Protein chains: 2
Amino acid sequence: MMSLESVPPKYAQLVQTLQRRIESGTYGPGSLLPSENQLIQEFGVSRPTVVAALRVLREQGWIESQQGKGRFVRGRPAMSAVERNRPGQAYLIRPEAETSGEVVEVATVAAPNRIAALLELPSKSKAFVRRRLITDEGEPSMLVSVWLPAELSQGTDLTSAAPLPQGLHEHLQARKGVRFDHVAEQITARMPTAGEARQLGMGKSTPLLAVFGAVREASGRALLVVEVLLPADRHELDDAYPIG
Amino acid sequence: MMSLESVPPKYAQLVQTLQRRIESGTYGPGSLLPSENQLIQEFGVSRPTVVAALRVLREQGWIESQQGKGRFVRGRPAMSAVERNRPGQAYLIRPEAETSGEVVEVATVAAPNRIAALLELPSKSKAFVRRRLITDEGEPSMLVSVWLPAELSQGTDLTSAAPLPQGLHEHLQARKGVRFDHVAEQITARMPTAGEARQLGMGKSTPLLAVFGAVREASGRALLVVEVLLPADRHELDDAYPIG
DNA sequence: CCTGACAGGTTGTTTTACCAAGTGGAGCGT
DNA sequence: ACGCTCCACTTGGTAAAACAACCTGTCAGG
């Protein structure tokens, strides 16, 4: 006799209600939000519930509060999710089959200096690389490479040229028990090699944006590196961050 | 007779204490944190205080909690400040006098397409640009340009070639009453023009990393654009972000 | 008129209390 | 031996109350 769908907690409902009112202009930017007591009366909840909701809104940047005066509307936080066009991140989560492209290289080679440094391996160590050419509407779009230490690639399906039916995170967590925590990224630009220009169908005088994303676990240990090569005339990177 | 230095609230003290214990290894990564009741007893505070401290730690990524089991130590959040080498951001805050470089251009010109789009101006509008060549140990290092709509540049000291004694944010807030809120960034790469290569002392076949940072106020209205041009053989961009 | 005390508003912090939901083990019954 | 219930313990959420710190307008006294 239990209700199967659980209702969200009251403070979360209040958050949503107030967000909608700010977005709809009921509470305009710069204006004073109703005081805690007014919200308590209007919604029939206790003060801790109201305060919890307002704390969430403040931490998300919707409002700012000033002791003794009240809480002021800032507007929809343009920053909420720090939207970023993060090439290669989709690759960590989505199965290869869901993106159009082909595996162009599967090999164990001596790691380039930058890769070895990011993986915290001795210079000239062997590393496993799986390289895919991603296409967009039939046209070559970018080169995405995954670099792993040799021991992490063993026992995985990455050594096969067949597309992975799982996301990279899911696969490595199931097979090797590792958990991704964060990515440390380096962004550079350079001219393409002849082979890269041919594979990507780009002019030899067009620069290449190179993004190296070192995926680490919570302890900081590097697990793998995702290298994304983007012809600069067809891609750009977007980011957004708050400022103090 | 009031104490001049105000003591931080109890929950904030608890946060600091627990952070120190995690960093020192007293609470190792993966281990179970003492339960709420144990912390209540040890520190002699009430449950909401303990919960408030643990909520902060969870939101900052130090611990994760699992209902019915307990709270687990994750370790120092490598992400806390999302450390990023943000060229141009220092320019918003620090006075020009504190960085070595010279003003190479101060003019009102037709805004390039990308600048006009970021400033939300009609195409081919006039915009004010202040361009500086930053030097590092005597060598030219990067070109930093600030683009403003004409009306925002009026009444400021930006039209003078003399170095600003204030940070850009401070100056514009004092003179025009605007408040910076966030930055929307675009990162591209291209070949340098002949003039840029000469000013930056770089090879004509070296690509240029171009970072366009649109500074906006909380409402989303664009205030100005900071354009940073970096020779790709001498600079790279670093970023870090959590993954879920 | 000006100044200062004061009253009443606001948010910030802390406590006590209770219930709900999830986990895991002890112990009972079959 | 197996499965089951129940209990103890965990975190999550809500309510009611009090005090502290801060802001602002009012009002009395100079």
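Which helix gives the most to the surface near DNA strand C? Helix 3 of chain B does, with three residues; helices here are DSSP runs of H or I of at least four residues, strands are DSSP runs of E of at least two, and both are numbered from the N terminus. This is a predicted model, in which local features need pLDDT of at least 70, side-chain atom pairs count only at pLDDT 80 or more, and totals for chains, interfaces and linings use all residues. Residues are numbered from 1 along each chain as its sequence is written, chains are lettered from A and ligands numbered from 1 in the order in which they are written, and side-chain values use heavy atoms, with hydrogens and water left out.

**DNA strand C**

- A residue is near a strand if one of its heavy atoms lies within 4 Å of it; of the 23 residues around DNA strand C, A:Ser35, A:Arg47, A:Arg71, B:Lys10 and B:Thr49 come nearest.
- Sugar or phosphate supplies 70% of the atoms of DNA strand C within 4 Å of the protein, and bases supply the rest.
- Phosphate oxygens of DNA strand C lie 2.9 Å from a polar side-chain atom of A:Ser35, 2.5 Å from a polar side-chain atom of A:Arg71 and 2.7 Å from a side-chain N or O atom of B:Thr49.
- The surface near DNA strand C has four nonpolar, 11 polar and eight charged residues. In this scheme Ala, Val, Leu, Ile, Met, Phe, Trp, Tyr, Cys and Pro count as nonpolar, Asp, Glu, Lys and Arg as charged, and the others, Gly among them, as polar.

**DNA strand D**

- DNA strand D is surrounded by 23 residues, of which A:Lys10, A:Arg47, A:Thr49, B:Arg47 and B:Arg71 are the closest. Of the atoms of DNA strand D within 4 Å of the protein, 73% belong to sugar and phosphate.
- A polar backbone atom of B:Gly68 is 3.4 Å from a base oxygen of DNA strand D.
- Helix 3 of chain A provides the largest share of the surface near DNA strand D, three residues.

**The interface of chains A and B**

- In chain A, 38 residues are in contact (heavy atoms within 4.5 Å) with 37 residues of chain B.
- The two chains bury about 3500 Å² between them, 52% of it on carbon and sulfur atoms; buried area is the accessible area (1.4 Å probe) that two parts lose on being put together, summed over both.
- Six salt bridges cross this interface, each being a side-chain nitrogen of Lys or Arg within 4 Å of a carboxyl oxygen of Asp or Glu.
- One salt bridge joins B:Arg55 to A:Glu59, with the closest N and O atoms 3.7 Å apart.
- Strand 9 (237-242) of chain A pairs in the antiparallel sense with strand 6 (residues 182-190) of chain B over six bridges; pairing requires that DSSP find at least two bridges between two strands. A:Tyr241 stands opposite B:Val183 in strand 6 of chain B.

**A salt bridge within chain A**

- A:Glu59 also forms a salt bridge with A:Arg55, with the closest N and O atoms 3.8 Å apart.
- A:Glu59 and A:Arg55 are separated by about one helical turn because they are four residues apart in helix 3 of chain A.
- Over all chains, the structure holds 28 salt bridges.

Terms used: Polar contact = N/O pair within 3.5 Å; in protein donor to acceptor, adjacent residues only side chain to side chain.
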